[in-house]
Amino acid sequence: MRSIFSFTLSEMREYLVEHGCAKFAADQVYQWLYKHHEIDIDKWTNISKKIKEHFRENISFKLPEVVFHIQSTDGTRKFLLELDDGNTVETVAIPAQGRLTQCISSQVGCAMGCLFCNTGTMGFIRHLTVAEVVGQYMAVTKWVRENGDDPEIRISNLVYMGQGEPLHNFDNMLQATKVFMEEKGLAIGGRKITLSTSGLVPQIKKLNDFPAVNLAVSLHSTFDEKRSQLMPVNDKWGLTKLFEALNSLELREFRFITYEYLLIADFNDRPEDIAGLCRLLDTKSSKINLIPYNEFPGSPYKRPDDEKIEWFKNQLLKKGHVCTTRASKGSDIMAACGQLKSKEDKKNRGDESL
Ligand code: SAH
Ligand code: SF4
């Protein structure tokens, strides 16, 4: 059964017309779902009986189920969502500076196998469907409205930085992005959405077909040898090919690309790494986002001490780069970058307090 959350507005219009219903009703359906967050079809006062009956018989309204939730001391909430086939994914809601950002997963597991990443150790299980990607947003919105302090609360920003490589699931992430951005629906602007990729070159080349969202690239080293040690993807698409692909993109509305740079103690935090970043990235069209390595049980690397992190950042600032350090939130609940892994949480759920 097709999910109601898998339709873009134009698809919903076509679908209704194909089934002998009024085209304009699609806009009303979109409003109920995404403006009023009302998924109880009985409350849809201005929708015809015919459409309701058709939906009841043919369309699923099921959302991923929140089976576990934990809140960090910094306010970050991690959710474990169970999908129809029993697989689970994690998603994280991070409050900061008047915004509420949701970290969205794109796959169950991940095929890229980055050595520093907890999700990478799971291997690839499957892509998420469009409805499951949009469903993460809807399920978490419903949960925080019902269980938090603010019944009107809105998730304002999205980062595709949960489990999975979003560009490996290109078509579904594209379609889900269209749903997120639809003016008559959630109307989340492209500037409030960030897609992060480990560097899948063929899909990067296709990004000109993607709505204009912010782009973040996981760089992590400017030396092929080192990058390959961290990220198997670099064996196939090394730095030269990666930058050829990035340079071929029209930058359109996004003025710069953010380069994520994992800081690992005594690995890529040396003076030559600063020189490498200055050589590879220009100061006008790139931003550098340093991510101090988050350790997890069994993780192979160490995080540099705070002084080193500060030093690394200041060196880049001095050279004229725009450079920020990501305050990885939720590390006490294993919700920070690279710490997400579904299976274990499923096993452990119930052991941690809610
Ligand atoms: N798969 C995408 C997006 C998800 S990960 C990608 O790799 O870009 C979001 C960011 O967290 C990436 O830059 C990723 O490299 C980083 N990350 C992964 N594991 C990490 C860890 N253990 N500590 C800190 N950052 C990590
Ligand atoms: Fe996948 Fe990103 Fe983790 Fe690499 S860092 S394994 S691409 S989720």
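Trainee: How does the shell around ligand 2 split by class?
Mentor: Five nonpolar, four polar and one charged. Here Ala, Val, Leu, Ile, Met, Phe, Trp, Tyr, Cys and Pro count as nonpolar, Asp, Glu, Lys and Arg as charged, and the others, Gly among them, as polar. This is a predicted model, in which local features need pLDDT of at least 70, side-chain atom pairs count only at pLDDT 80 or more, and totals for chains, interfaces and linings use all residues; side-chain values use heavy atoms, with hydrogens and water left out. Residues are numbered from 1 along each chain as its sequence is written, while chains are lettered from A and ligands numbered from 1 in the order in which they are written.

Trainee: And which residues surround ligand 2?
Mentor: Cys-110, Met-112, Gly-113, Cys-114, Phe-116, Cys-117, Gly-120, Gly-164, Glu-165 and Ser-198. A residue makes the list if one of its heavy atoms lies within 4 Å of the ligand.

Trainee: How many residues surround ligand 1?
Mentor: 19, and the closest are Gly-164, Ser-196, Ser-218, His-220 and Asn-294.

Trainee: Which backbone atom of Phe-116 does ligand 1 meet, polar or nonpolar?
Mentor: A polar one, 2.9 Å from a nitrogen atom of ligand 1. Gly-164 also has a backbone N or O atom 2.9 Å from a nitrogen of ligand 1, and so does Asn-294, at 2.9 Å.

Trainee: New topic. How is the chain divided?
Mentor: Into domain 1 (2-60) and domain 2 (65-352), with bounds from an automatic or database domain assignment. Their centres, taken over C-alpha atoms, are 32 Å apart.

Trainee: What area is buried between domain 1 and domain 2?
Mentor: About 1300 Å², with carbon and sulfur atoms giving 65%. That's the accessible area (1.4 Å probe) the two parts lose on being put together, summed over both. On the domain 1 side, Phe-5, Tyr-34 and His-37 lose the most, together 40% of what that side buries.

Trainee: How many salt bridges between domain 1 and domain 2?
Mentor: One. A salt bridge needs a side-chain nitrogen of Lys or Arg within 4 Å of a carboxyl oxygen of Asp or Glu. Asp-27 and Lys-184 meet in a salt bridge through their side chains, at 2.7 Å, N to O.

Trainee: Which elements give two or more residues to the side of domain 1 that touches domain 2?
Mentor: β1 (2-3), α1 (9-18) and α2 (25-35); these are DSSP runs numbered from the N terminus, with helices (H or I) of at least four residues and strands (E) of at least two. The largest share, six residues, comes from α2.

Note on methods. Polar contact = N/O pair within 3.5 Å; in protein donor to acceptor, adjacent residues only side chain to side chain.
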